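Subject: Structure handover

Hello,

Here is the structure you were expecting, followed by notes on what was found in it. Please read the notes with the structure open.

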Amino acid sequence: MRVETGGNRLNRDRAVRFTLNGVSRAGLAGDTLSAALLADGQVLQGRSFKYHRPRGPVTAGSEEPNALFTLGQGGAQMPNMRGTTQEIFDGLQAATQNHVGSLRHDAMAVNDLFSRFLSAGFYYKTFMWPRAFWERVYEPIIRAAAGLGALSGEDSVERYDRAWAHCDLLIIGSGPAGLMAALTAGRRGERVLLVEEDMRLGGRLDAESFAIGDDTGAVWAAGIAAELASLPNVRVMTRTTVTGAYDGGTYGAYERVGEHLGTIPDGAPRGCFWRIVAGRAILAGGAHERMIGFPNNDRPGIMQASAVRAYLHRYGVAPARRIAVFGNNDNAWRTVTDLQAAGVEVTALIDTRDGVTPTVDCPVYTGAQVVETRGRLGLRNLDVRDANGVHRVEAECLAVSGGWNPSVHLTCHMNGRPIWRDDIAAFVSVAGSVPNLQAIGAANGDFSTAAALRAGVEAGGGGEVPKAEDGPVNITPFWHVTGVKGRQWLDFQNDVTVKDVTLAHRENFRSVEHMKRYTTLGMATDQGKLSNVGGLAVLAELAGREIPDVGTTTFRPPYTPVPVAALAGRTARGQFQPHRLTPSDGLSRERNASFVEAGQWHRAAWFPEGEETTWKQSADREVGWVRNAVGVCDVTTLGKIDVQGPDAVRLLDLIYAGKMSTLKPGKVRYGLMLREDGLVMDDGTCARLGDDRYVITTTTAAAGEVMAHVEFCTQALHPEWQVSAVSVTDQWAQFAVAGPQSSALLQGLLGHELTDAEWPFMGCGPVQIGGVAGRLFRISFSGEMAYEIAVPARYGDALARELTARAQALGGGLYGMEALNILRVEKGFITHAEIDGRISADDLGMGRMVSPSKDCIGKVMSQRDGLHGPQRKQLVGLRAVGEGRLLSGAHLFDVGVEPAPDADWGHVSSACVSPSLGAIALGFVVNGRARHGEQIRALDLLRGNDVICEICDPVFMDPEGGRMRG
Amino acid sequence: MRINCPLCGARDLREFSYLGDARLADRPAADASAQDWQDYVYLRDNPAGPHAELWQHAQGCRAWLRVRRNTVTHEILSVERTR
């Protein structure tokens with residue numbers, strides 16, 4: 001119900017309409033969803049995970065285990081959103097979770113009746129047999145029944161971002177400690193980033209009644225916030241939760257940019273995941289109030305005393321007309337006076353401690369405990385036991401304070417373990433657990449406002465401290481009531497009770513980590529913020545040990561749930577990785593090319609024409625063009641490295657197996673690169689453009705790896721060499737012009753003859769193409785008379801169009817990757833399908849390319865016995881005998897022998913159906929070079945392909961090379 | 001994790017690629033013993049604690065770096081270019 005006083009966050013003049021389960025509801029501007037429902041008299045706000053118990057909000061913050069809602073619909077649907085932090089807005093669609101039928105009449109509540117069969121570890125015990133039932137029967141049932149909330153299954157329509165932020169000082173939390181730290185450091189000129197999880201600064205200052213100086217806490221906080229906003233070196237981020245602490249002063253944070261808005265502004269994301277780099281950081285995240293275990297302590301209406309005060313002061317809401325207070329510390333008493341000041345009836349203060357004299361004006365029970373509660377969908381009354389017996393207390397809400405847990409989570413994200421402090425009965429962090437992160441204020445166990453302000457000033461660099469309450473907590477630990485019947489909840493979200501922990505202990509799951517996993521205590525989306533310490537206390541009690549000896553479980557990021565979509569940001573779907581487009585991309589799209597992705601590159605695979613309906617028809621036609629006329633293919637994607645300097649030749653001799661120092665200017669040579677272990681890394685060409693200048697090419701696939709390797713050689717192995725190597729892959733557009741008419745095409749383009757004398761096979765040099773300085777290489781990857789012509793990338797599109805038009809005039813045209821592949825298999829040219837990281841130069845029949853007269857990377861290791869010889873799988877050609885086609889990936893067995901792993905002679909690496917030669921392939925066969933002419937069986941059990949083929953030389957077409965040499 | 005590149009300043013881990021033990025920069029001579037080559041190519045130290053490693057600022061200036069890193073805490077102890 002709404003009260004007249006309080007409501008620091010409310011705009012009482014503005015009503016907000018939203019829907020819950022499709023029914024229109026109203027709240028006030030400033031309300032959270034849970035606050036609006038409480039104001040409306042609805043304490044029941046959800047059902048529990050396992051037993052489907054009626055539940056209401058326990059907290060007023062992000063540690064909430066119960067009041068979880070599904071917001072939005074379809075692609076915008078978000079499950080498990082905490083009603084205690086979700087601000088309402090006009091048009092908000094909310095739905096309660098975890099019930100079959102209505103929230104009030106949940107069919108699954110029957111689980112609660114069978115709770116004694118569903119205790120800790122029931123999965124492990126119940127679903128052991130029969131074994132076949134697990135997948136077909138048990139798992140589907142459990143999966144249907146389990147889980148918190150649900151996704152719609154539709155693609156997300158929300159956008160998320162990722163961003164970086166940098167600062168000298170990161171302050172996490174803006175309660176009195178955080179505000180003073182930010183103000184002090186900000187005034188000193190530090191670059192401060194103040195991050196607050198809530199919708200405004202102040203922490204609990206607007207949730208309590210006490211003053212700072214002459215102002216209320218809320219007014220004081222607003223004043224500080226205004227000064228911070230005026231400081232240019234201070235940046236404030238609200239609605240942002242720091243979720244993790246990482247190496248090097250890096251923190252993760254999730255900002256709810258649009259979660260509180262009905263309409264997200266155009267271009268803005270729903271949320272943003274921040275990576276914050278901070279010189280140092282202050283954790284001023286406050287503390288969470290603990291609950292106490294007593295029978296049926298999970299009824300709606302039973303909540304933290306601090307939450308009751310927060311609803312009262314922030315939203316002007318009393319969760320019920322009659323409220324009782326139950327605590328084990330002085331702090332709880334404040335709840336009584338605050339409620340009474342707002343005109344709410346307090347029916348009892350129950351203090352577990354004996355001999356205390358609470359300064360309150362209501363019925364008081366000391367040395368007392370709550371031993372039973374009643375009320376089906378919400379608390380109605382409770383039984384209090386003290387020295388004089390059991391008393392019934394009427395109350396629809398019970399405010400509970402079991403003490404406070406400093407929010408140490410972030411300090412544990414790098415393996416730090418908190419330590420126990422007896423005086424406050426709580427864990428605090430150890431300084432240095434996360435380098436350059438300091439916990440202050442309540443997060444460090446300094447619970448009074450004055451202490452928090454002092455700590456903030458000190459951490460910010462020192463200065464004057466405002467006056468505020470400085471009351472001691474005076475806590476006597478009290479964890480749960482003993483000697484009573486009835487379940488006592490520890491973890492509300494995962495439905496774990498004191499009995500479950502007892503059972504785990506009895507079954508010898510006594511390590512705290514074992515107990516956690518057996519009972520699932522603290523494993524829900526709230527990560528046990530409310531339950532962990534209570535669970536440890538019960539375990540310690542059972543084991544007859546002290547809490548610090550039992551230890552804690554591990555806190556891991558994220559502190560609160562982060563949408564996976566936010567971690568991905570915009571790098572999803574089409575923007576998963578950069579798209580690298582070739583210079584002929586526009587032309588290729590105009591020609592309806594189909595594309596194939598080669599790493600980040602999009603390469604044209606084939607260009608359909610006329611009546612063609614399959615890729616194979618197009619590819620065969622394109623092959624025909626190259627073999628009989630002329631084809632043009634974009635080969636820009638091959639890596640290109642410009643190597644210059646007096647020691648360039650020493651570098652090339654080092655990285656290539658062959659001897660490049662004998663290469664003359666104006667010539668190109670094929671080269672094989674080895675890894676230091678002697679196996680083949682890559683192959684490509686090396687062209688000598690001038691005395692000290694070379695351009696080398698790599699395969700498309702290995703361009704990045706080879707570049708890093710070359711840089712390793714020049715920077716790490718031989719920093720003394722005067723040589724520089726730069727990737728120019730993106731700077732030069734390059735096209736293959738291949739076929740008997742290739743010379744004619746280029747002569748027409750260049751306007752002069754290309755004689756064999758001036759442009760011999762494997763020659764290269766500069767050319768002028770319509771006034772543009774380019775390069776021409778007479779090299780061939782097709783086995784035909786061919787050239788590659790290169791121009792600066794900005795001329796690539798124009799050149800592609802010009803070459804294509806000229807090729808068409810000569811009876812040819814563009815060809816794509818499919819035709820290129822057929823052409824190169826016909827010639828036995830290798831790609832990374834062959835050099836797959838297991839292949840030596842000798843396996844390829846290129847053993848003699850490893851120059852004996854110089855050192856090179858991989859030379860020594862390539863000479864090991866195991867890397868050459870007839871016991872190795874050697875490159876061969878394979879030609880299908882009779883019908884059928886060969887598939888790469890097939891394994892090779894002797895004909896008539898039972899196929900088995902130890903009878904496996906090798907595999908097919910590349911296969912194609914050549915328009916002129918039929919089904920052919922490249923492959924590797926043990927001692928293959930000595931087995932030419934033998935028949936072998938290519939068997940692919942996965943695809944059901946079984947073909948007899950003949951082993952032959954890998955060069956199927958024009959073995960003498962007459963066509964390409966001219 | 002952040003590495004202070006001598007050319008670019010402190011940058012996030014994502015900009016760097018890792019090669020391994022810094023001894024990979026000490027390549028044996030062609031006539032070194034088989035054992036030396038075996039050690040160079042295959043054997044790496046894997047200490048818990050300070051370790052000299054080779055990293056490349058691949059998404060930055062492309063410099064190869066010799067980085068001393070505590071493998072237990074990920075603390076970066078020193079960074080220098082290999083040349």
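G645(A) sits in the loop between β35 and α17 of chain A; helices (H or I, at least four residues) and strands (E, at least two) are DSSP runs, numbered from the N terminus. G645(A) counts as partly exposed because it has 17 C-beta neighbours inside 10 Å. For burial, a residue is buried if 20 or more other C-beta atoms lie within 10 Å of its own, exposed if 12 or fewer, and partly exposed in between, with C-beta atoms placed from the backbone. Leaving out residues up to four places away in sequence, G645(A) touches D692(A), Q722(A), V723(A) and S724(A); contact means that the C-beta atoms of two residues, placed from the backbone, lie within 7 Å. The C-alpha atoms of G645(A) and E898(A) are separated by 59 Å, and these residues are 253 residues apart along the chain.

This is a predicted model, in which local features need pLDDT of at least 70 and side-chain atom pairs count only at pLDDT 80 or more, while totals for chains, interfaces and linings use all residues. Residues are numbered from 1 along each chain as its sequence is written, and chains are lettered from A and ligands numbered from 1 in the order in which they are written.

Strands around β38 of chain A

Strand β35 (residues 639–644) of chain A is joined to β38(A) by six bridges, and the two run antiparallel. Two strands pair if DSSP finds at least two bridges between them. I641(A) has I696(A) in β38(A) as its bridge partner. Strand β37 (residues 680–690) of chain A also runs antiparallel to β38(A), with four bridges, and G690(A) stands opposite R693(A) in β38(A). The link from β37(A) to β38(A) is a hairpin through two residues. Strand β38 (residues 693–698) of chain A has five of its six residues buried, so it is largely enclosed by the rest of the structure.

The six-stranded sheet

A separate entry is an open sheet of six strands in chain A, in the order β41-β42-β43-β40-β34-β44, with mixed pairing. Its edge strands are β41 (764–769) and β44 (813–814) of chain A, each of which pairs on one side only. Within the sheet, β34 (residues 631–634) and β40 (residues 732–738) of chain A run antiparallel and are joined by four bridges. D634(A) has F735(A) in β40(A) as its bridge partner.

Helices of chain A

Helices α17 (residues 648–655) and α18 (residues 703–717) of chain A pack at an angle of about 125 degrees, with their axes 11 Å apart. Axes are lines fitted to C-alpha atoms, for helices over the stretch in contact, and angles run from 0 to 180 degrees between N-to-C directions. α17(A) and α18(A) are therefore oblique to each other; angles under 35 degrees count as roughly parallel, over 145 as roughly antiparallel, 65 to 115 as roughly perpendicular and the rest as oblique. In this contact, L651(A), L654(A) and I655(A) of α17(A) meet V710(A), C713(A) and T714(A) of α18(A). The residues of the contact of α17(A) with α18(A) are five nonpolar, one polar and no charged. Here Ala, Val, Leu, Ile, Met, Phe, Trp, Tyr, Cys and Pro count as nonpolar, Asp, Glu, Lys and Arg as charged, and the others, Gly among them, as polar.

Helices α16 (residues 615–628) and α21 (residues 817–827) of chain A pack at about 60 degrees, with their axes 8 Å apart, and are therefore oblique to each other. W615(A), A619(A), E622(A), V623(A) and V626(A) of α16(A) make the contact with E818(A), A819(A), I822(A) and L823(A) of α21(A). By class, the contact of α16(A) with α21(A) has seven nonpolar, no polar and two charged residues.

In helix α11 (residues 512–519) of chain A, the buried residues are V512(A), M515(A), K516(A), Y518(A) and T519(A). They pack against β30 (496–497), α10 (498–506), α12 (532–543) and α13 (547–550) of chain A. Just after α11(A), T520(A) has a positive phi of about 65 degrees.

Chain B

Chain B has one helix and six strands, running β-β-β-α-β-β-β from the N terminus. Buried residues make up 18% of its 83 residues. In the interface, 16 residues of chain B are in contact with 17 residues of chain A. On the chain B side, α1 (34–42) and β4 (50–56) are the elements that give two or more residues.

Regards
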